[in-house]
Amino acid sequence: MKGAMEKVREIWREGRRVGKEDPRRIVHAFKVGLALALVSSFYYYQPLYDNFGVNAMWAVMTVVVVFEFSVGATLGKGINRAVATLVAGGLGVGAHHLASLSGPTIEPILLAIFVFVQAALSTFVRFFPRVKARYDYGILIFILTFSLISVSGFREDEILDLAHKRLSTVIMGGVSCVLISIFICPVWAGQDLHSLLASNFDTLSHFLEEFGEEYFEATHDGDVKEVEKKRRNLQRYKSVLNSKSNEEALANFAKWEPRHGQFRFRHPWKQYLAVAALLRQCAYRIDALNSYINSDFQVPMDIKRKLEEPLRKMSSESGKSMKEASISLKKMRKSSSSDIHVLNSQSACKALSTLLKSGILNDVEPLQMIALTTTISLLIDIVNLTEKISEAFLELESAARFKNKKKSTVSSEKSGTVSTARAIQIKSHDDDHHVVTILCDDDISTTVEQSRGENSVDSCHHVAIKIDDDDSVHEKHEDGEIHVHASCVSYGQTNASDILDSGNERNSSN
């Protein structure tokens with residue numbers, strides 16, 4: 001008795017844990033119960049039973065096998081089952097009619113041949129990758145229904161009535177599942193995939209941002225529990241390594257779903273999988289990098305310190321780029337600074353290359369050099385992958401039609417047009433900060449954004465401004481900020497080197 005009570009408590013604890021992990025599971029259980037109670041009325045209610053008879057049980061069977069956790073999975077299974085039942089029922093009736101024309105002796109032989117041929121061909125088609133991904137369940141139901149209609153029709157006189165009743169009950173059961181799944185606390189597979197991808201970005205960015213502190217600081221000193229907790233948090237990236245099957249299943253289910261929220265019917269779920277695949281590749285590099293962090297053989301700290309600045313910047317900027325992508329994905333708005341972080345990480349790579357060429361590691365022992373260069377190689381690989389992830393994410397933003405980031409606008413009193421205002425903080429010689437507001441017309445801003453993609457690395461866009469430094473131009477507002485009124489003199493595209501050269505010339509002339 002005591003053992004039975006302990007078993008009940010264990011089951012109760014397990015049930016609470018499962019419910020807390022995802023409360024939608026509890027709601028799903030009630031939805032399945034509701035659907036089964038609804039279709040059971042076909043069997044309990046006498047007028048409905050008189051119409052459908054024992055075939056009413058097919059509605060119950062349909063609910064049991066079709067109702068899935070998400071709307072996409074339920075809709076996909078429901079459509080597969082309905083179409084497969086309709087097609088197989090029609091072919092089964094046709095096969096029975098054709099076999100009956102040959103006489104009572106040949107009829108069972110022909111039926112057996114028909115069942116063999118369709119079962120063999122359908123089973124072989126199930127091995128096709130594309131068919132298996134979306135229509136495997138439908139083909140399975142096709143084999144079952146064709147065989148049942150063909151075989152039972154040999155002893156049943158009213159074969160058309162039998163096929164009609166089974167098809168009707170299957171459709172009613174499937175429709176009940178789909179309606180309850182959509183209109184009562186729906187669970188969208190597309191939303192789950194979207195959230196999973198954002199979570200994966202967050203997980204990898206957390207490791208990369210914390211890498212510098214873990215690698216260059218003596219974390220073993222201090223509270224052991226805090227150190228272990230930090231190590232566990234860093235190892236959350238391992239969930240990304242095993243997410244492929246879940247992502248592919250969610251993408252497959254999402255393709256069946258109707259438009260909901262910000263997700264269109266033909267949302268680019270394939271591009272989600274492309275980004276997710278690159279994230280997994282990055283997670284594999286992070287896994288190898290983590291093994292060097294926790295290795296028994298550690299490079300002395302004084303040697304690590306020689307390369308600390310570029311290595312920290314490479315990892316942190318890559319992490320910031322992924323963090324920016326995660327925020328952009330959650331808000332479904334285009335990222336404004338992800339590319340900047342990628343460029344910063346690449347510049348850190350160049351700085352690291354220059355540092356290594358200077359011979360800073362000439363006095364390092366061979367074994368220490370191997371461990372250090374492996375870490376450097378993995379970080380460089382992660383930076384390159386971050387660039388690929390950023391490019392793939394830009395394609396996802398475009399395909400999914402993410403909204404542009406909101407910009408503050410001001411109206412021009414003279415022309416009546418709307419101009420975009422951008423505040424730029426400028427540091428003067430006396431270390432005072434001023435805010436300069438640059439006004440550009442919308443058509444100019446559009447030109448800037450279109451040409452950004454062409455020369456995003458080697459060039460930049462600017463607006464030349466003229467600032468009068470006399471007191472009459474400055475206005476000090478109540479908020480304490482000094483606003484400098486600037487007038488747009490010219491607009492154009494220049495190379496970054498030209499800007500630097502012109503700045504150097506001005507400095508030399510002063």
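How many helices and strands does the protein have? I counted 20 helices and 7 strands, where helices (H or I, at least four residues) and strands (E, at least two) are DSSP runs numbered from the N terminus.

**Ground rules.** I noted that this is a predicted model, in which local features need pLDDT of at least 70 and side-chain atom pairs count only at pLDDT 80 or more, while totals for chains, interfaces and linings use all residues. Residues are numbered from 1 along each chain as its sequence is written, and side-chain values use heavy atoms, with hydrogens and water left out.

**Confidence.** I looked up the pLDDT (the predictor's confidence in each residue, from 0 to 100) and found a mean of 78 for the protein, with 75% of its residues at 70 or more. Confidence is highest in helix H13 (residues 244-254), at a mean of 94, and lowest in strand S7 (residues 487-495), at 37. Over residues 408-510 the pLDDT is below 50, and I noted that this stretch has 116 contacts in the model beyond near neighbours in sequence; contact means heavy atoms within 4.5 Å.

**Whole chain.** Among contacts with a separation of 6 or more, 74% are between residues 24 or more positions apart.

**H16 and H18.** I then turned to helix H16 (residues 308-331) and helix H18 (residues 366-399), whose axes come within 10 Å and cross at roughly 20°; axes are lines fitted to C-alpha atoms, for helices over the stretch in contact, with angles from 0 to 180 degrees between N-to-C directions. H16 is therefore roughly parallel to H18, since angles under 35 degrees count as roughly parallel. Residues of H16 including Leu311, Met314 and Leu329 meet residues of H18 including Ile376, Phe393 and Glu397. I recorded 12 nonpolar, 5 polar and 1 charged residues in this contact, where Ala, Val, Leu, Ile, Met, Phe, Trp, Tyr, Cys and Pro count as nonpolar, Asp, Glu, Lys and Arg as charged, and the others, Gly among them, as polar.

Methods. Parallel < 35°, antiparallel > 145°, perpendicular 65-115°, else oblique.
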